[in-house]
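Keep the viewer open as you read.

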Amino acid sequence: FQVAFQAVKVLEREYGLAKGSETALKITLQPEWNTGAPCPHVISSEEKTFLIYLAREIDPKWDGTYVTEVDSKSKEAKPLVLIEFKNCYIYKFGGMNEEVWHGHPLYERGLEGNSAHRIENSDWLKEQKKINSVHPSYKEEYWSKYNHFMLLFHDTMFECLAESYNVEVHRDSFENVVKLAKVRLFGG
């Protein structure tokens, strides 16, 4: 089933790109997030946007008979990923969870659950360009630097229009990584 599913996603992407349609292209973020409880957090200002999530870590003792609960308020050090989205113009956080991924318009154009994507021919980016086109100093080329990124987590999603991103991995508590993002937002 998985092989067939992946083959269908490849064909959906090829077809969407050939038509010039909005298409979800899967990108690899390393490390990947914990699919059961990624606990994503967003820290943002007008100038910077950070996304923090729990990285997938294999428990060598896991035998399938127990579940490890994750508490983002815990002081315990965990493998956490801190992504800074460079020159983030706008973001959305929340909404769609795994029970409704198949209802998203991009699901039949390459979108995959528990995955990161760059959206080619983005309708959201086109919408933002149209809104801003009324500005007297509007320049079409300004918008060519933006990419539409979409990350589907277990219970939520994050998407943004940004130039690029930088990924860091920390072994620390959520509280301390959030503090690190806060320092980068405000300096000091």
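The paragraphs below take up the strands, the cores, the loops and a cavity in turn.

This is a predicted model. Start with strand β7, which spans residues 147-152. Five of its six residues are buried, so β7 is largely enclosed by the rest of the structure. It has partners to inspect. β6 pairs with β7 in the antiparallel sense, over four bridges. Across that pairing, R118 stands opposite F149 in β7. β8 also runs antiparallel to β7, and six bridges join the two. Here L152 stands opposite M157 in β8. β7 and β8 form a hairpin, with four residues between them. In a regular strand the side chains alternate between the two faces of the sheet.

Next, the nonpolar packing. In soluble globular proteins, nonpolar side chains tend to be buried together. Which residues have the most contacts inside the largest nonpolar core? They are L51, Y53, F85, L151 and F158, in a core of 17 residues. The elements that give two or more residues to this core are β3 (49-54), β4, β7 and β8 (157-162). A second, separate core has 10 residues, including I43, L82, V177 and A181.

F158 is then in contact with V42, T49, L51, F85, Y91, K92, F93, F149, M150, L151 and F153. Among these, L51, F85 and L151 are also on the list of residues with the most contacts inside the largest core.

Now move to S115. It lies in the loop between β5 and β6, the latter covering residues 116-120. Is S115 buried or exposed? Its relative accessibility is 5%, and the cut-off for buried is under 20%, so S115 counts as buried. Not counting residues up to four places away in sequence, S115 touches K26, W33, M150, L151 and L152. M150 and L151 are also among the contacts of F158.

The backbone has some details worth checking. Most residues other than glycine have a negative phi, and most peptide bonds are trans. Where is the cis peptide bond? It joins Q30 and P31, with omega about -5°. P31 lies in the loop between β1 (23-27) and β2 (41-44). That loop between β1 and β2 is also the place of C39. C39 has a positive phi of about 50°, although it is not a glycine.

N87 likewise is not a glycine and has a positive phi of about 50°. Its place is in the loop between β4 (78-86) and β5 (90-93). With a relative accessible area of 32%, N87 is partly exposed.

Last comes the empty space. Rolling a probe the size of a water molecule over the atoms shows where empty space is left. How many cavities of 30 Å³ or more does the structure hold? It holds one. The largest cavity has a volume of about 40 Å³. V70, D71, S74, E76, K78, S173 and F174 line this cavity. What classes of residue make up the lining? Two are nonpolar, two are polar and three are charged.

Terms used: Residues numbered from 1 in each chain as written. Predicted model: local features only at pLDDT ≥ 70, side-chain atom pairs only at ≥ 80, totals over all residues. Heavy atoms only, no water. Buried < 20%, exposed > 50% of the residue type's maximum accessible area, 1.4 Å probe, protein only. Core = buried A, V, L, I, M, F, W, Y, C linked by side-chain atoms within 4.5 Å. Contact = heavy atoms within 4.5 Å. 1 Å grid on protein atoms, 1.4 Å probe; cavity = no way out; pocket = protein on both sides within 12 Å on 5 of 7 lines; lining within 4 Å. Points joined across faces, edges and corners; volume = space filled by probe spheres on them. Nonpolar A, V, L, I, M, F, W, Y, C, P; charged D, E, K, R; others polar. Pairing = 2+ DSSP bridges.
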